[in-house]
Amino acid sequence: MASAPGKWEVVKKSKKPGGGGSGAGKRGGAAGRKALQEANLPRIVPAPVIKPSATIFELGFEKRTKKQNKEQVPPALAPEQQTQQKKQNAGKQAKKSPAGDAVSKQGKFRSLQDALKALDLSELQKELEKSQNMFPENPSVWVKDLAGYLNFKLQVPRSDPTLCQHTHDYPYCLVSKELKAIIKALLEKSSGVLEIFFDHCIYIMLQELDKPSGESLHGYRICIQAVLLERPKIATINVGKYLELLRSQQSRPAKCLTVMWALGQAGFVDLTEGLKVWLGIMLPVLGIKSLSPYAIAYLDRLLMMHSNLTKGFGMIGPKDFFPLLDFAFMPNNSLSPSLQDQLRQLYPRLKVLAFGAKPETTLHTYFPSFLSRATPNCPSDMKKELLNSLNECLNMDPLSFNVWRQLYTKYLSQSSLLLNHLLDSWNSTSKKMRKSLRETVHSFKVTNEEFSLKGQNNAEDIESCDMACKNLLHKMKSRGFPWSRLLLVVLLFTAGFIIHDIRTHGSFQASSSARILQHSGLLAVSQEAWNKVSHFTLEGYSWLERNAPIFYSHMVHTLGPNLEFAWSKTKEATAYISHLCSSQIAWVWENLPWFIEWLQSSIPDSVVQFIEYLKELLLFLYQKYLLPTLESANNILETTWQQIEDSCNGEVSWDCMKRHLASITHAAWTYLQNTTLAVKNWALAMISRH
């Protein structure tokens with residue numbers, strides 16, 4: 001029996017006396033030739049690192065392995081027979097090798113474009129029809145035949161596993177429309193086995209990479225891209241399995257990069273799936289030297305393709321974000337300086353993805369990790385980013401203050417840095433944040449006093465925090481000079497002084513204010529300005545009286561026919577459109593009742609009940625408040641009008657209305673004077689107290 005796949009051992013049997021004859025020798029020789037021929041056949045050994053779930057391809061390999069294990073090993077041959085057998089096998093291999101080389105040389109094309117041009121689509125259709133006829137209920141065989149045929153026909157020199165020198169959709173972008181239609185139609189027929197087919201393509205690609213002169217893999221790459229173009233979620237079903245594969249194959253970068261390329265194709269269709277792939281298999285291997293360049297290049301291309309990041313909100317959490325922060329800003333890590341700079345350029349977009357659509361409710365979950373990293377000894381660039389992020393957390397999410405209070409005693413040095421940063425950026429903080437910050441600083445002050453009394457070991461950090469708290473409290477208490485209030489007080493004093501002066505002297509001309517203005521020349525200047533304004537106003541009004549009718553008649557004469565023509569054309573266009581869309585309008589009127597019924601049936605009962613409540617509320621307000629208010633206003637207006645008629649002796653004239661307006665104005669002006677005088681007296685009393 002076979003002790004291991006691909007290895008044979010000789011099973012020695014006990015010889016019976018008289019049992020060895022010429023017939024037995026012939027049978028032994030024939031069996032030996034048969035076993036050796038089977039042993040010389042190319043062996044297909046299943047790769048132990050990845051097992052597609054229940055694929056027909058894997059089942060076929062299992063059957064072949066079981067069949068080989070069941071074969072009996074023939075008895076040992078005589079030395080002469082072994083020599084003769086070796087010569088025969090050597091002759092056969094010498095005859096076969098030139099033919100095989102010729103086939104491989106004939107199958108190679110200089111470029112993939114040439115190979116696709118030489119592809120016979122009619123022959124491909126025949127092969128696929130033949131496969132479907134032979135296995136009508138096994139679509140897994142159809143798609144595997146498609147992938148195998150394409151890969152066999154599209155043989156070109158091997159290229160980089162990641163295809164970084166090409167566009168993201170290479171090689172699928174070179175496929176003709178006819179071939180795309182064939183592939184898409186077959187995939188639609190085989191929609192139930194696409195997950196198995198995807199694993200099969202990766203499985204075969206990894207097997208070909210084990211061969212020193214294996215085939216190029218463009219046929220399988222095209223099939224992978226076609227599958228993920230229709231079903232991108234297939235790539236993220238078994239991410240954990242592929243991550244184990246990458247970790248076990250770190251010494252084989254070509255295999256790892258091939259798997260990363262295959263799974264990464266889903267991201268160019270769907271940003272969410274692309275982030276799942278990157279976070280699932282590329283972030284864990286970011287520190288590996290041979291894999292890091294492609295991981296960062298893929299992330300750069302992914303975020304560049306999807307400029308709208310809203311579809312990726314919720315994919316990056318604190319567990320994934322802070323390793324990226326460390327890779328981007330922490331020096332002397334496993335990334336090279338160029339890769340670190342490239343990742344740092346991507347960091348702002350990753351930060352937007354991490355904070356999500358509602359940062360005001362999520363930033364408090366990021367605050368502890370930001371605070372723990374903001375040590376006095378961290379690099380300057382990282383310290384700046386951490387302090388700005390902490391400030392952003394406090395400014396946008398009020399719950400961050402609660403988290404800070406809980407962590408204050410644990411991170412005293414970090415809190416000291418943050419307090420000083422808030423002191424330096426005080427002018428950019430919002431009023432809402434200042435209120436919460438005042439409460440937090442007061443609680444910190446109490447904690448600092450308790451620690452000082454207990455005599456803690458970290459006295460230097462406590463003293464630094466206490467000094468920062470004092471400075472912040474002083475900054476909160478000290479406000480800017482109240483220029484607006486001072487201006488208001490000056491205006492009030494000036495108005496009160498002028499009014500008191502006029503009341504004391506009886507008129508404005510006899511008042512001290514008028515004499516001061518007259519001596520300073522301001523009164524003459526103001527009178528001259530008023531006269532000029534009045535003069536130009538009267539001139540403008542007279543010019544409008546003279547020229548407005550002329551301009552109006554000229555515009556009517558010039559624009560009238562054009563406006564009438566435009567109006568007639570508008571009516572014609574409206575009639576034409578209504579006639580043209582008469583069937584659509586009739587359809588809308590016919591289906592409108594059905595749509596209303598459907599809308600009523602689709603609206604939840606809670607919404608209908610809410611509308612009823614709202615209707616009752618509006619009706620109640622209308623009956624209880626709006627109608628009485630309108631009736632009261634109407635009665636007041638009628639009473640006022642009746643009083644005006646009575647005061648005018650039953651006839652409302654312009655002279656009577658002028659007398660009423662004058663009396664109302666005089667009463668309002670008297671009330672304003674009294675109010676201003678009262679304010680002035682109050683202000684003088686307040687000043688005299690101090």
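The largest nonpolar core of this predicted model holds 133 residues, and the members touching the most others are Leu343, Phe370 and Trp404. Helix α8, spanning residues 194-210, gives this core its largest share, 10 residues. As general background, nonpolar side chains in soluble globular proteins tend to be buried together.

Leu343 is a handy place to start looking around. Setting aside neighbours within four places in sequence, Leu343 is in contact with Leu286, Ile296, Leu299, Leu324, Phe327, Ala328, Leu335 and Leu350.

Next, let us turn to a pair of helices. Helices α11 (residues 253-264) and α13 (residues 292-305) pack with their axes 11 Å apart, at an angle of about 10 degrees. Because angles under 35 degrees count as roughly parallel, α11 is roughly parallel to α13. Their crossing is right-handed. The residues that make the contact are set out here by helix.

| Helix | Residues in the contact |
|---|---|
| α11 | Leu257, Met260, Trp261, Gly264 |
| α13 | Tyr294, Ala295, Tyr298 |

Sorted by class, the contact of α11 with α13 has 6 nonpolar residues, 1 polar residue and no charged ones.

Finally, here is a residue from another helix. Val679 sits in helix α28, which covers residues 654-689. Is Val679 buried, partly exposed or exposed? Its relative accessibility is 34%, so Val679 counts as partly exposed, the class between under 20% for buried and over 50% for exposed. Val679 and Gly496 are 183 residues apart along the chain, and their C-alpha atoms are separated by 8.3 Å.

Definitions and conventions: Residues are numbered from 1 along each chain as its sequence is written. This is a predicted model: local features need pLDDT of at least 70, side-chain atom pairs count only at pLDDT 80 or more; totals for chains, interfaces and linings use all residues. Side-chain values use heavy atoms; hydrogens and water are left out. A nonpolar core is a set of buried Ala, Val, Leu, Ile, Met, Phe, Trp, Tyr and Cys residues joined through side-chain atoms within 4.5 Å. Buried means under 20% relative accessible area, exposed over 50%, partly exposed in between (1.4 Å probe, protein chains only). Helices (H or I, at least four residues) and strands (E, at least two) are DSSP runs, numbered from the N terminus. Contact means heavy atoms within 4.5 Å. Axes are lines fitted to C-alpha atoms, for helices over the stretch in contact, and angles run from 0 to 180 degrees between N-to-C directions. Angles under 35 degrees count as roughly parallel, over 145 as roughly antiparallel, 65 to 115 as roughly perpendicular and the rest as oblique. A crossing is left-handed if the near helix is turned anticlockwise from the far one by less than a right angle, and right-handed if clockwise. Ala, Val, Leu, Ile, Met, Phe, Trp, Tyr, Cys and Pro count as nonpolar, Asp, Glu, Lys and Arg as charged, and the others, Gly among them, as polar.
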